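Take a moment with the sequence and the 3D view. The paragraphs below walk through helix packing and then the ligand site.

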Amino acid sequence: MGVVNVTPDSFSDGGRFLPVDAAIAHGLALIAEGADLLDIGGESTRPGADAVSVDDEIARIVPVITGLRAATDRPISIDTRKAAVAEAAIKAGASLWNDVTALSGDPAALATAARLGVPVILMHMQGEPQTMQADPRYGDVVAEVCAYLVERANLAMVAGVAREAISLDPGIGFGKTLNHNLTLLAHLDALKALGFPVVLGVSRKRFIQGLDPSATEPTDRLGGSIAAALAGARAGVDVLRVHDVGPTAQALAVWQAIEAGRA
Ligand code: HH2
């Protein structure tokens with residue numbers, strides 16, 4: 001899954017793809033590099049990010065989705081916490097809803113997801129983006145993330161979302177310390193064991209700087225992003241959400257070829 005952030009302030013690429021043409025060109029470039037699907041976001045969820053109004057978010061993402069839909073058959077996912085934005089995106093041609101609040105951020109989210117009938121990605125986050133990195137705490141991070149995601153999946157199914165339409169994501173970097181992130185990455189098998197497809201977003205995230213203090217800029221974190229993506233692949237993660245599609249696809253191809261030699 002290649003990331004297209006149509007925002008002025010995303011942590012990794014804020015502002016670069018805000019013009020519609022630039023965002024569409026970037027999405028098509030990611031497909032050429034090997035992306036199977038694209039994730040379009042119009043609101044940054046980085047720690048401390050400002051909220052965006054529904055109208056502004058729709059105005060950012062709809063022209064990009066329309067343009068991409070006309071140019072490619074690859075599935076497009078909308079990364080939003082807002083039901084009205086998801087609905088507008090699906091109307092414009094998106095076919096998945098990626099929600100970092102696991103359909104809890106908008107009172108209309110569960111019913112809207114059921115009505116739209118599209119696949120949903122339910123992600124774990126502790127707290128809100130503005131404050132989530134202030135003092136994240138867990139007793140047992142793996143058990144608590146799994147329990148939360150099961151609860152959200154059950155609520156989605158009660159609301160009418162089909163079980164086959166649900167994927168789960170541990171939400172690396174969303175209300176988690178370096179150790180919480182590493183513990184989750186080391187125990188992705190526990191998440192896989194819940195029986196839903198697993199989505200993982202590690203690309204360019206700040207936990208990598210925690211292990212390599214020189215990686216102060218998100219674009220300094222390619223090596224760490226690939227290492228974590230391969231750890232996810234080894235654990236059986238179904239979808240990797242990445243900014244650097246070409247290098248990640250190459251790393252996966254090499255890793256898969258080596259793994260095939262073990263059989
Ligand atoms: N991470 C980000 C945004 N959306 N969605 C899922 N399912 N999983 C993730 O890990 C995830 C996500 C944050 O990354 P990015 O989109 O690059 O930054 P920003 O939120 O600042 O736009």
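Does H1 pass H2 in a right-handed or a left-handed crossing? Keep in mind that this is a predicted model. Begin with the two helices themselves. H1 covers residues 20-32, and H2 covers residues 54-71. Their axes lie 9 Å apart, and the helices pack at an angle of about 40 degrees. Angles under 35 degrees would count as roughly parallel. The angle here therefore makes H1 oblique to H2. As for the handedness, H1 passes H2 in a right-handed crossing.

Now turn to another pair. Helix H3 spans residues 83-92, and helix H4 spans residues 109-116. Their axes come within 9 Å and cross at roughly 15 degrees. That angle is why H3 counts as roughly parallel to H4. The crossing of H3 past H4 is right-handed.

Next, find the ligand. There are 18 residues around it, and Ser10, Ser44, Thr45, Lys205 and His243 come nearest. What kinds of residues make up the shell around the ligand? Five are nonpolar, eight are polar and five are charged.

Some contacts can be picked out atom by atom. Ser44 places a polar side-chain atom 2.6 Å from an oxygen atom of the ligand. Asn98 also uses a polar side-chain atom, which lies 2.8 Å from a nitrogen atom of the ligand. Gly201 takes part through its backbone: a polar atom there is 3.4 Å from an oxygen atom of the ligand. How much of the ligand's accessible area does the protein cover? On its own, the ligand has 480 Å² of accessible area, and the protein covers 99% of that.

Methods:
Residues are numbered from 1 along each chain as its sequence is written. This is a predicted model: local features need pLDDT of at least 70, side-chain atom pairs count only at pLDDT 80 or more; totals for chains, interfaces and linings use all residues. Side-chain values use heavy atoms; hydrogens and water are left out. A residue is near a molecule or strand if one of its heavy atoms lies within 4 Å of it. A polar contact is a pair of N or O atoms within 3.5 Å; within protein, one must be able to donate a hydrogen and the other to accept it, and residues adjacent in sequence count only if both atoms are side-chain atoms. Accessible areas come from the Shrake-Rupley method with a 1.4 Å probe; for residues, only the protein chains shown count as cover. Ala, Val, Leu, Ile, Met, Phe, Trp, Tyr, Cys and Pro count as nonpolar, Asp, Glu, Lys and Arg as charged, and the others, Gly among them, as polar. Axes are lines fitted to C-alpha atoms, for helices over the stretch in contact, and angles run from 0 to 180 degrees between N-to-C directions. Helices (H or I, at least four residues) and strands (E, at least two) are DSSP runs, numbered from the N terminus. Angles under 35 degrees count as roughly parallel, over 145 as roughly antiparallel, 65 to 115 as roughly perpendicular and the rest as oblique. A crossing is left-handed if the near helix is turned anticlockwise from the far one by less than a right angle, and right-handed if clockwise.
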